[in-house]
Amino acid sequence: VGGSNNAARSVIEALADGSGPQIVYAGNTLSANAMNRMLKQLEGKRFAVDCIAKNFETLEPGASFRVLRRMLSAQYTPEESARRVICTGTIGSALEKLCKEEGYTFVPFPTNIGGRYTAMSYVGLLPMAVAGIDVRALVRGAADMARPLHTGAPEENLALRYAVRRNLYYQPGYKMELLASFDPPLRWFYKGWVQLFAESEGKDGKGLFPTAAEYSEELHAVGQYIQDGAPLMFETFLDIEARQDSLVVMPDGKKDYFDYLDGKDY
């Protein structure tokens, strides 16, 4: 739930090619309908559980973990059930104690960061690796990005420039930042970004309200508000530098008046 869920999910939904096991999300809802749908996905399938809970006091992962343990117990022997449970939690927590008592695998949750900053720890990397993501390349990329942020000139520091621009909009009274892109695979990245900024900045009666729009579908919805609505927000637009796919629109001999698209790539 929260950052412990969104960081891994944003990468998996954007980059996983389907070659690894399917990742099913459970500890992020209190909806009986959503939980029953999730359980139905698991019927007749071999599965393992990674319970991610920093202090094992949050309701959603606690309730989901209990439901999934019962399902494992109904399907496997006690020994095999225990082998299929991994827990990512804080050393010394009730979750680690449960793991020792039941023989579950335990991996440590970083103690010096909050859930929303855990993408490059066991919290995010373990489910990403299971889904088939090249986590070594991901971490190398993060390190390559972090290096110039710590050592480069201020005027070339992308994070600093972004922070300054956000403040320049915030000071005269803009209330919202809209994150947008034309790439649906970034859908869960939006949610991770919203969660990160809302939980970090929404304090003491301050902060920009972070929201997102998935174009081009929502260009025909909130796009209208952006163009002609009240001046409440500014827009941060994401683009992908290296395109992963190509789809050329070819004529099919029908008179549809879209001939200007012939030979054009999406």
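Over the face of which residue does arginine 9 lie? In this model, which is predicted, arginine 9 lies over the face of tryptophan 188, at 3.6 Å from the ring centre. A second ring also belongs to this picture: the charged end of arginine 9 sits over tyrosine 25, with 3.9 Å to the centre of that ring.

I turn next to contacts between rings. Such a pair of aromatic rings is described by how far apart the centres are and by the angle of the planes. The count for this model comes to 11 aromatic pairs. One of them joins tyrosine 169 and tyrosine 174 in an edge-to-face arrangement, 5.3 Å centre to centre and with 90° between the planes. Elsewhere, Phe56, Phe65 and Tyr104 are linked by ring pairs into a cluster.

Three strands form an open sheet in the order 1-2-3, and their pairing is parallel. Strand 1 (49–53) and strand 3 (105–108) each have a single partner strand and stand at the edges, so one side of each has no neighbour in the sheet. On average, neighbouring strands here are turned by 20° against each other, direction ignored.

Between strand 1 and strand 2, the latter comprising residues 85–89, the parallel pairing extends over five bridges. Alanine 53 has glycine 89, in strand 2, as its bridge partner. Helix 3, residues 59–75, lies across strand 1 and strand 2 and runs at about 160° to strand 1.

Note on methods: Residues are numbered from 1 along each chain as its sequence is written. This is a predicted model: local features need pLDDT of at least 70, side-chain atom pairs count only at pLDDT 80 or more; totals for chains, interfaces and linings use all residues. Side-chain values use heavy atoms; hydrogens and water are left out. Rings of Phe, Tyr and Trp (its six-membered ring) pair if their centres lie within 6.5 Å; planes under 30 degrees apart count as stacked, over 60 as edge-to-face and the rest as tilted. A charge sits over a ring if NZ of Lys or CZ of Arg is within 6 Å of the ring centre and within 35 degrees of the ring normal. Two strands pair if DSSP finds at least two bridges between them. Helices (H or I, at least four residues) and strands (E, at least two) are DSSP runs, numbered from the N terminus. Axes are lines fitted to C-alpha atoms, for helices over the stretch in contact, and angles run from 0 to 180 degrees between N-to-C directions. Contact means heavy atoms within 4.5 Å.
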